[in-house]
Amino acid sequence: KKSVNGRFSYIGIVILLAFFGVVTNFKSLTAGNLLLILQQSYVLLICATGVFFVMSMGSLDFSQGAIIGVASIAVILAGQEHIALGMIAGVAVGAAIGLINGILHARFKIGSFIVTICTMLAFRGLCAFLTTDSPYSAPIYMYMMDADKFAIPIVVIVLLGGFVVSRYTKLGQYVRMIGAGETAARFSGIKIEKIKIISFVAAGVLAGLAATINVIRVGSITASAGNLAETNVMIALVLGGLPVSGGAKTKFSSVILGVFMLSILNNGLVLLQIEPNLQQLIRGLIFLVIVAITTDRKSLAV
(Lines give C-alpha, C1' and ligand atoms only; values in the text may rest on other atoms or scores of the structure.)
Protein backbone atom coordinates (compact mmCIF):
# COMPACT_ATOMS: atom_id res chain seq x y z
CA LYS A 1 0.00 0.00 0.00
CA LYS A 2 2.80 2.39 0.86
CA SER A 3 4.52 1.96 -2.49
CA VAL A 4 1.20 2.07 -4.38
CA ASN A 5 0.22 5.39 -2.77
CA GLY A 6 3.59 6.99 -3.46
CA ARG A 7 3.75 5.70 -7.02
CA PHE A 8 0.21 6.88 -7.72
CA SER A 9 1.11 10.44 -6.69
CA TYR A 10 4.15 10.71 -8.96
CA ILE A 11 2.33 9.12 -11.87
CA GLY A 12 -0.71 11.30 -11.19
CA ILE A 13 1.26 14.53 -11.67
CA VAL A 14 2.66 13.30 -14.99
CA ILE A 15 -0.78 12.17 -16.18
CA LEU A 16 -2.43 15.47 -15.21
CA LEU A 17 0.28 17.57 -16.89
CA ALA A 18 0.11 15.47 -20.05
CA PHE A 19 -3.69 15.37 -20.17
CA PHE A 20 -4.26 19.09 -19.66
CA GLY A 21 -1.34 19.85 -21.97
CA VAL A 22 -3.04 17.96 -24.81
CA VAL A 23 -6.63 19.17 -24.23
CA THR A 24 -5.59 22.83 -23.80
CA ASN A 25 -3.29 22.92 -26.85
CA PHE A 26 -0.33 23.01 -24.42
CA LYS A 27 -1.46 26.34 -22.93
CA SER A 28 -1.25 24.71 -19.49
CA LEU A 29 2.46 23.98 -20.00
CA THR A 30 3.59 27.53 -20.80
CA ALA A 31 6.06 29.15 -18.43
CA GLY A 32 3.49 31.76 -17.42
CA ASN A 33 0.85 29.18 -16.55
CA LEU A 34 3.30 26.98 -14.60
CA LEU A 35 4.29 30.07 -12.60
CA LEU A 36 0.61 30.73 -11.93
CA ILE A 37 0.20 27.17 -10.62
CA LEU A 38 3.13 27.78 -8.25
CA GLN A 39 1.66 31.09 -7.05
CA GLN A 40 -1.69 29.46 -6.38
CA SER A 41 0.04 26.81 -4.25
CA TYR A 42 1.72 29.05 -1.63
CA VAL A 43 -1.11 29.16 0.91
CA LEU A 44 -2.06 25.53 0.34
CA LEU A 45 1.52 24.29 0.84
CA ILE A 46 1.85 26.08 4.18
CA CYS A 47 -1.55 24.95 5.49
CA ALA A 48 -1.05 21.37 4.27
CA THR A 49 2.23 21.17 6.19
CA GLY A 50 0.41 21.79 9.47
CA VAL A 51 -2.56 19.55 8.70
CA PHE A 52 -0.15 16.76 7.68
CA PHE A 53 0.75 16.22 11.35
CA VAL A 54 -2.91 16.33 12.42
CA MET A 55 -3.94 13.77 9.80
CA SER A 56 -0.92 11.59 10.59
CA MET A 57 -2.57 11.03 13.99
CA GLY A 58 -5.79 9.96 12.28
CA SER A 59 -7.46 13.28 13.14
CA LEU A 60 -9.03 15.95 10.91
CA ASP A 61 -8.93 19.75 10.82
CA PHE A 62 -11.79 21.56 9.10
CA SER A 63 -10.97 24.95 10.62
CA GLN A 64 -8.17 26.00 8.24
CA GLY A 65 -10.32 28.24 6.05
CA ALA A 66 -11.89 29.99 9.03
CA ILE A 67 -8.45 30.56 10.57
CA ILE A 68 -7.23 32.13 7.34
CA GLY A 69 -10.27 34.43 7.26
CA VAL A 70 -10.00 35.71 10.84
CA ALA A 71 -6.19 35.78 10.84
CA SER A 72 -6.20 37.79 7.60
CA ILE A 73 -8.26 40.50 9.33
CA ALA A 74 -5.76 40.48 12.21
CA VAL A 75 -2.88 40.81 9.72
CA ILE A 76 -4.49 43.88 8.14
CA LEU A 77 -5.33 45.58 11.45
CA ALA A 78 -1.99 44.93 13.15
CA GLY A 79 0.14 45.37 10.04
CA GLN A 80 -0.80 48.96 9.23
CA GLU A 81 2.79 50.08 9.81
CA HIS A 82 4.91 46.97 9.33
CA ILE A 83 4.42 43.51 7.86
CA ALA A 84 6.15 41.86 10.84
CA LEU A 85 3.42 43.06 13.23
CA GLY A 86 0.79 41.70 10.90
CA MET A 87 2.52 38.32 10.68
CA ILE A 88 2.78 38.09 14.47
CA ALA A 89 -0.91 38.91 14.83
CA GLY A 90 -1.92 36.35 12.21
CA VAL A 91 0.19 33.64 13.81
CA ALA A 92 -1.18 34.49 17.27
CA VAL A 93 -4.78 34.21 16.08
CA GLY A 94 -4.01 30.91 14.36
CA ALA A 95 -2.26 29.54 17.46
CA ALA A 96 -5.21 30.52 19.67
CA ILE A 97 -7.77 28.76 17.45
CA GLY A 98 -5.47 25.74 17.11
CA LEU A 99 -5.16 25.62 20.91
CA ILE A 100 -8.96 25.64 21.25
CA ASN A 101 -9.18 22.77 18.76
CA GLY A 102 -6.46 20.79 20.53
CA ILE A 103 -7.85 21.22 24.04
CA LEU A 104 -11.42 20.36 23.06
CA HIS A 105 -10.26 17.29 21.16
CA ALA A 106 -7.52 16.02 23.47
CA ARG A 107 -8.71 17.05 26.93
CA PHE A 108 -12.47 16.89 26.49
CA LYS A 109 -12.33 13.81 24.23
CA ILE A 110 -14.52 15.32 21.51
CA GLY A 111 -13.89 13.96 18.01
CA SER A 112 -11.65 16.17 15.89
CA PHE A 113 -14.26 16.16 13.12
CA ILE A 114 -16.92 17.65 15.43
CA VAL A 115 -14.54 20.09 17.15
CA THR A 116 -13.09 21.59 13.98
CA ILE A 117 -16.46 21.75 12.20
CA CYS A 118 -17.79 23.76 15.17
CA THR A 119 -14.80 26.11 15.29
CA MET A 120 -15.02 26.48 11.51
CA LEU A 121 -18.65 27.60 11.77
CA ALA A 122 -17.97 29.86 14.76
CA PHE A 123 -14.99 31.70 13.29
CA ARG A 124 -16.44 31.75 9.79
CA GLY A 125 -19.40 33.54 11.40
CA LEU A 126 -17.03 35.94 13.18
CA CYS A 127 -15.30 36.73 9.89
CA ALA A 128 -18.67 37.39 8.23
CA PHE A 129 -19.73 39.64 11.14
CA LEU A 130 -16.51 41.66 11.04
CA THR A 131 -16.82 42.21 7.28
CA THR A 132 -20.57 42.97 7.27
CA ASP A 133 -20.25 46.71 6.67
CA SER A 134 -17.33 46.59 4.25
CA PRO A 135 -14.30 44.45 3.33
CA TYR A 136 -11.00 44.97 5.12
CA SER A 137 -8.43 46.41 2.73
CA ALA A 138 -4.70 45.80 3.12
CA PRO A 139 -2.42 48.82 3.69
CA ILE A 140 -0.99 50.38 0.53
CA TYR A 141 2.52 49.09 1.20
CA MET A 142 1.19 45.49 1.16
CA TYR A 143 -0.29 46.11 -2.29
CA MET A 144 3.17 47.19 -3.44
CA MET A 145 4.98 44.11 -2.12
CA ASP A 146 6.20 41.42 -4.50
CA ALA A 147 4.19 38.40 -3.36
CA ASP A 148 6.61 35.89 -4.92
CA LYS A 149 9.75 37.30 -3.25
CA PHE A 150 7.91 37.40 0.07
CA ALA A 151 6.17 34.01 -0.15
CA ILE A 152 8.79 31.69 -1.69
CA PRO A 153 11.35 31.91 1.18
CA ILE A 154 8.57 31.36 3.73
CA VAL A 155 7.20 28.35 1.84
CA VAL A 156 10.68 26.83 1.50
CA ILE A 157 11.42 27.29 5.21
CA VAL A 158 8.05 25.81 6.21
CA LEU A 159 8.49 22.78 3.95
CA LEU A 160 12.05 22.14 5.11
CA GLY A 161 10.99 22.53 8.73
CA GLY A 162 8.04 20.19 8.25
CA PHE A 163 10.24 17.57 6.59
CA VAL A 164 12.85 17.71 9.36
CA VAL A 165 10.24 17.50 12.13
CA SER A 166 8.44 14.64 10.40
CA ARG A 167 11.54 12.63 9.59
CA TYR A 168 14.02 13.32 12.39
CA THR A 169 12.18 14.31 15.58
CA LYS A 170 10.19 12.51 18.24
CA LEU A 171 7.11 14.58 17.42
CA GLY A 172 7.13 13.19 13.89
CA GLN A 173 7.48 9.65 15.23
CA TYR A 174 4.82 10.12 17.88
CA VAL A 175 2.09 11.42 15.55
CA ARG A 176 2.60 8.37 13.32
CA MET A 177 2.49 6.05 16.32
CA ILE A 178 -0.75 7.64 17.52
CA GLY A 179 -2.24 7.21 14.05
CA ALA A 180 -1.13 3.57 13.94
CA GLY A 181 -2.78 2.83 17.29
CA GLU A 182 -3.62 5.33 20.02
CA THR A 183 -3.98 2.72 22.76
CA ALA A 184 -0.64 1.12 21.94
CA ALA A 185 0.98 4.56 21.80
CA ARG A 186 -0.41 5.40 25.24
CA PHE A 187 0.98 2.19 26.71
CA SER A 188 4.33 3.06 25.11
CA GLY A 189 4.49 6.13 27.32
CA ILE A 190 3.58 8.76 24.73
CA LYS A 191 1.70 11.74 26.16
CA ILE A 192 -1.19 11.59 23.72
CA GLU A 193 -2.96 14.76 24.86
CA LYS A 194 0.21 16.85 24.70
CA ILE A 195 1.11 15.66 21.18
CA LYS A 196 -2.42 16.27 19.91
CA ILE A 197 -2.52 19.81 21.32
CA ILE A 198 0.93 20.62 19.87
CA SER A 199 -0.15 19.32 16.46
CA PHE A 200 -3.36 21.36 16.34
CA VAL A 201 -1.54 24.48 17.54
CA ALA A 202 1.10 23.98 14.83
CA ALA A 203 -1.64 23.64 12.20
CA GLY A 204 -3.22 26.86 13.48
CA VAL A 205 0.11 28.72 13.52
CA LEU A 206 0.84 27.79 9.91
CA ALA A 207 -2.67 28.74 8.79
CA GLY A 208 -2.15 32.11 10.51
CA LEU A 209 1.19 32.47 8.72
CA ALA A 210 -0.48 31.63 5.40
CA ALA A 211 -2.99 34.42 6.09
CA THR A 212 -0.23 37.02 5.59
CA ILE A 213 0.52 35.69 2.11
CA ASN A 214 -3.20 35.56 1.43
CA VAL A 215 -3.58 39.25 2.32
CA ILE A 216 -0.69 40.30 0.07
CA ARG A 217 -2.03 38.29 -2.88
CA VAL A 218 -5.73 39.14 -2.49
CA GLY A 219 -5.50 42.68 -1.09
CA SER A 220 -8.84 42.73 0.71
CA ILE A 221 -10.73 40.39 3.00
CA THR A 222 -14.43 39.58 2.74
CA ALA A 223 -16.67 37.00 4.42
CA SER A 224 -15.55 34.41 1.85
CA ALA A 225 -11.84 34.65 2.76
CA GLY A 226 -10.32 31.18 3.07
CA ASN A 227 -13.46 29.58 1.67
CA LEU A 228 -12.96 25.82 0.96
CA ALA A 229 -9.32 25.97 2.11
CA GLU A 230 -9.91 23.15 4.58
CA THR A 231 -11.34 20.77 1.98
CA ASN A 232 -8.64 21.68 -0.55
CA VAL A 233 -5.95 20.90 2.03
CA MET A 234 -7.40 17.49 2.83
CA ILE A 235 -8.02 16.63 -0.82
CA ALA A 236 -4.42 17.60 -1.60
CA LEU A 237 -2.98 15.44 1.18
CA VAL A 238 -5.04 12.42 0.16
CA LEU A 239 -4.11 12.94 -3.50
CA GLY A 240 -0.48 13.00 -2.34
CA GLY A 241 -0.86 9.51 -0.84
CA LEU A 242 -1.55 10.33 2.82
CA PRO A 243 -3.88 7.67 4.30
CA VAL A 244 -6.98 9.21 5.90
CA SER A 245 -6.39 6.95 8.90
CA GLY A 246 -2.84 8.29 9.38
CA GLY A 247 -0.30 5.93 10.90
CA ALA A 248 3.17 4.66 10.08
CA LYS A 249 2.69 4.87 6.30
CA THR A 250 2.44 8.66 6.18
CA LYS A 251 5.20 10.48 4.27
CA PHE A 252 5.87 14.21 4.18
CA SER A 253 6.19 14.06 0.40
CA SER A 254 2.37 13.84 0.39
CA VAL A 255 2.27 17.58 1.10
CA ILE A 256 4.21 18.66 -1.98
CA LEU A 257 2.93 16.00 -4.38
CA GLY A 258 -0.71 16.43 -3.36
CA VAL A 259 -0.74 20.23 -3.43
CA PHE A 260 0.74 20.36 -6.91
CA MET A 261 -1.61 17.65 -8.16
CA LEU A 262 -4.60 19.62 -6.90
CA SER A 263 -3.23 22.93 -8.24
CA ILE A 264 -2.63 21.39 -11.67
CA LEU A 265 -6.15 19.92 -11.62
CA ASN A 266 -7.77 23.22 -10.58
CA ASN A 267 -5.79 25.18 -13.14
CA GLY A 268 -6.63 22.73 -15.92
CA LEU A 269 -10.35 22.82 -15.14
CA VAL A 270 -10.29 26.62 -15.30
CA LEU A 271 -8.45 26.58 -18.65
CA LEU A 272 -11.12 24.22 -19.96
CA GLN A 273 -13.71 26.82 -18.86
CA ILE A 274 -15.64 24.31 -16.75
CA GLU A 275 -18.25 25.89 -14.46
CA PRO A 276 -17.16 26.30 -10.80
CA ASN A 277 -19.95 24.07 -9.47
CA LEU A 278 -18.99 21.29 -11.86
CA GLN A 279 -15.33 21.75 -10.89
CA GLN A 280 -16.29 21.16 -7.27
CA LEU A 281 -18.20 18.02 -8.26
CA ILE A 282 -15.20 16.67 -10.16
CA ARG A 283 -12.85 17.35 -7.23
CA GLY A 284 -15.29 15.66 -4.85
CA LEU A 285 -15.56 12.55 -7.01
CA ILE A 286 -11.79 12.31 -7.38
CA PHE A 287 -11.38 12.69 -3.61
CA LEU A 288 -13.93 9.91 -2.99
CA VAL A 289 -12.21 7.55 -5.42
CA ILE A 290 -8.74 8.18 -3.96
CA VAL A 291 -9.99 7.68 -0.39
CA ALA A 292 -11.57 4.37 -1.44
CA ILE A 293 -8.32 3.24 -3.09
CA THR A 294 -5.85 4.35 -0.42
CA THR A 295 -7.70 3.73 2.87
CA ASP A 296 -5.94 1.10 4.96
CA ARG A 297 -8.97 -0.89 6.13
CA LYS A 298 -6.91 -3.31 8.22
CA SER A 299 -5.50 -0.54 10.42
CA LEU A 300 -8.99 0.95 10.79
CA ALA A 301 -10.31 -2.41 11.94
CA VAL A 302 -7.53 -2.68 14.51
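**Close-up 1. The largest pocket of this predicted model has a volume of about 680 Å³.** Its lining is made up of 22 residues, and those nearest the centre are Gln40, Leu44, Asn227, Asn232 and Asn266. By type, the lining residues split into 11 polar, 9 nonpolar and 2 charged.

**Close-up 2. Several helices come together around the largest pocket.** At least two lining residues come from each of helix 2 (31–39), helix 3 (42–56), helix 11 (192–218), helix 12 (229–239), helix 13 (253–271) and helix 14 (276–294). Helix 13 is the biggest contributor, with 4 residues.

**Close-up 3. Met55 sits in helix 3.** With a relative accessible area of 1%, Met55 falls under the 20% cut-off and therefore counts as buried. Setting aside residues up to four places away in sequence, Met55 touches Met234, Leu237, Val238, Leu242, Pro243, Val244, Ser245 and Gly246. Look for Thr250 here too: it is 195 residues from Met55 along the chain, yet their C-alpha atoms are separated by 8.9 Å.

**Close-up 4. Ile46 belongs to the largest nonpolar core, a set of 77 residues.** Along with Ile213, Leu237 and Val255, Ile46 touches the most other members of this core. Beyond its neighbours within four places in sequence, Ile46 is in contact with Ile154, Val155, Val158, Leu206, Ala210 and Ile213.

**Close-up 5. Helix 4 runs from residue 64 to residue 78.** From first C-alpha to last, its 15 residues reach 21 Å, close to the 21 Å expected at 1.5 Å a residue. Helix 4 is mostly covered, with 13 of the 15 residues buried.

How values were computed: Residues numbered from 1 in each chain as written. Predicted model: local features only at pLDDT ≥ 70, side-chain atom pairs only at ≥ 80, totals over all residues. Heavy atoms only, no water. Expected span 1.5 Å × (residues − 1). Buried < 20%, exposed > 50% of the residue type's maximum accessible area, 1.4 Å probe, protein only. Core = buried A, V, L, I, M, F, W, Y, C linked by side-chain atoms within 4.5 Å. Contact = heavy atoms within 4.5 Å. 1 Å grid on protein atoms, 1.4 Å probe; cavity = no way out; pocket = protein on both sides within 12 Å on 5 of 7 lines; lining within 4 Å. Points joined across faces, edges and corners; volume = space filled by probe spheres on them. Nonpolar A, V, L, I, M, F, W, Y, C, P; charged D, E, K, R; others polar.
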